[in-house]
Amino acid sequence: MKQILIIGSGISGLTCAIETARRGNHAILVSPFSSERSQSVMAAGGINAVLPGCDSQDSVELHIRETLKSGLMIAGEKTVTALCEDAPHIISWLESIGVVFTRGEDGKPARRAFGGQSRKRTVYAGASTGKQIVTALVQEARKWECSGRILRRYGLMFHFALISDGVCCGALFYDEIHRSLIPLYADDVVIATGGQNRLFGKTTGSTLCDGYAAGMLFLQGAKLKNLEFIQYHPTTIETPQKRMLITEGARGDGGRLYYLDGDRRVYFMEDKYGEKGNLMPRDIVSKCIYDAPSQVYLDITFLGEEKIRKNLREVYDLCLEYLGLDVTRQSIPVAPSVHFFMGGLAVDIRHRTNIRKLYAIGECASIYHGANRLGGNSLLAAIHGGRAAAASIAEEDASGSAPDFSSYIREQEALLLHRLESRSPFSAVYMQNSLAQIMNEDLGILRTGTKLKAGMESLDYYLSVCDRILYDSDVSPYQGYSLHAMLTLGRAILTCAQARRETRGAHIRDDFPQRSDAFEACSLISYDNGNYRVTYEREDKD
């Protein structure tokens, strides 16, 4: 029996742990908090699948084509085919473990269309699909916990991967309660730590997803891919803590975007793209809202109170709580916000990174989505990826005994003790806020080489000083020691955005507005002693 270390307990991590246990191996599922606090519970809209008997005009082949088209043809056809073909089986499995999808009058799963789709193929559980799936996965995982095949470890934050001669043998974790470092060894390690929200401050996602793991692994030799492709969700609302998502399901059910020209409503998406204009791919809708001459609104009042309360209850509750707005009578003021990261750790179709025995799944892994994710594919990719990684691991031979990392761990403990004993008044939050300001102002929806260069220079300065500063440890030493990896990841994102001199999907260059055949490939970036190297290759390369 192999021992598999899974870091992150959202939907992808839970799925991987369950599939690992089902295949006869032992999973250690590690996370700072419980699965119920993962970003996965925020996923409201639904999950894509072409189900038998639901729409005679839809097909798995069409799902594949639209996924590739939404990704601007740089996602790998083999990987996308595997994803879409697995979708119906995933829905059946989710229903078998207790997920209750909304049903239509015919008794079949209800479906809505998301951005970039020509057919309604997104099944959903009201407006809380992610929450329903997490709940079912937690219950399924507990069965395997009782049998001893899954071990949960809470309160641990990823610190370093334990890598020797290009092979990952486990990871070192920071225990914030006891302020100590804990090594965990394994035959294989799976990273499932989510996206990079904290780099950008207020986004639609959880700040617990801070990009530190990807940044640290990048420093340790892992390659990253497609970092320049950052999806902005077109419809979000402002709150004091974050941007709250107004699910694409609102437009999938018929919601209309407009701005006011005097007293006249201008339905700009319909004027430009026709009847289905409100459901164009997210990069197009976000850019159109960004270019609108005044505040943009989303109108769903005409759907009626009954349908809104049934299918879009979360939208109703969010707007009432945070805006004091009744969406059955009033339109919603919306704006784009950073929402999803197509870029992350570079993996192949089996979810292997370039470091042996190290895998990545979920949003922290770059695969399937190309230059822009098709709406409704994120939950699908999280579950499919977790299953694929567990299957790949089960087929490979077990690793030998781990080398002795004791001296390395002692060095890290000494560095941590130094930080714990510091009493500097300098706040790490200041530098985190500065990072977020740079990423939002110098990257953003519309990019130029001049601003990208300015952002890179700013981050180079912060990188030159961040390790020489002692941070206030009364709050959390993690906030201080995580900064170098987060700043490095931010610098890598800006580097990839500057290198891609074209406009493609979620990467919009004002100074290079056309798509270029020279860049019809995925970007790969590697790090070596302060040097960032960008190359391009096809995703399906064996």
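I looked up how helix 5 (residues 212-219) packs with helix 16 (residues 483-499) in this predicted model, and found an angle of about 80° with the axes 8 Å apart. The axes are lines fitted to C-alpha atoms, for helices over the stretch in contact, and angles run from 0 to 180 degrees between N-to-C directions. Helix 5 and helix 16 are therefore roughly perpendicular to each other (65 to 115 degrees counts as such). I noted that Y212, A214, G215, M216, F218 and L219 of helix 5 meet H484, A485, M486, T488, L489 and A492 of helix 16, contact meaning heavy atoms within 4.5 Å. These contact residues divide into 9 nonpolar, 3 polar and no charged, with Ala, Val, Leu, Ile, Met, Phe, Trp, Tyr, Cys and Pro counted as nonpolar, Asp, Glu, Lys and Arg as charged, and the others, Gly among them, as polar.

I then turned to the sheet, where 5 strands form an open, mixed arrangement in the order 20-18-11-23-24; helices (H or I, at least four residues) and strands (E, at least two) are DSSP runs numbered from the N terminus. Strand 20 (365-366) and strand 24 (531-537) stand at the edges with a single partner strand each, so one side of each lacks a neighbour in the sheet. Strand 11 (residues 224-225) pairs antiparallel with strand 18 (residues 344-346) over 2 bridges, pairing requiring at least two DSSP bridges.

I found helix 5 lying across strands 11, 18, 23 (522-528) and 24, at about 65° to strand 23. Helix 16 also packs on the sheet, touching strands 11, 23 and 24, and its direction makes about 50° with that of strand 24.

For the record, residues are numbered from 1 along each chain as its sequence is written, and side-chain values use heavy atoms, with hydrogens and water left out. In this predicted model, local features need pLDDT of at least 70 and side-chain atom pairs count only at pLDDT 80 or more, whereas totals for chains, interfaces and linings use all residues.

How values were computed: Parallel < 35°, antiparallel > 145°, perpendicular 65-115°, else oblique.
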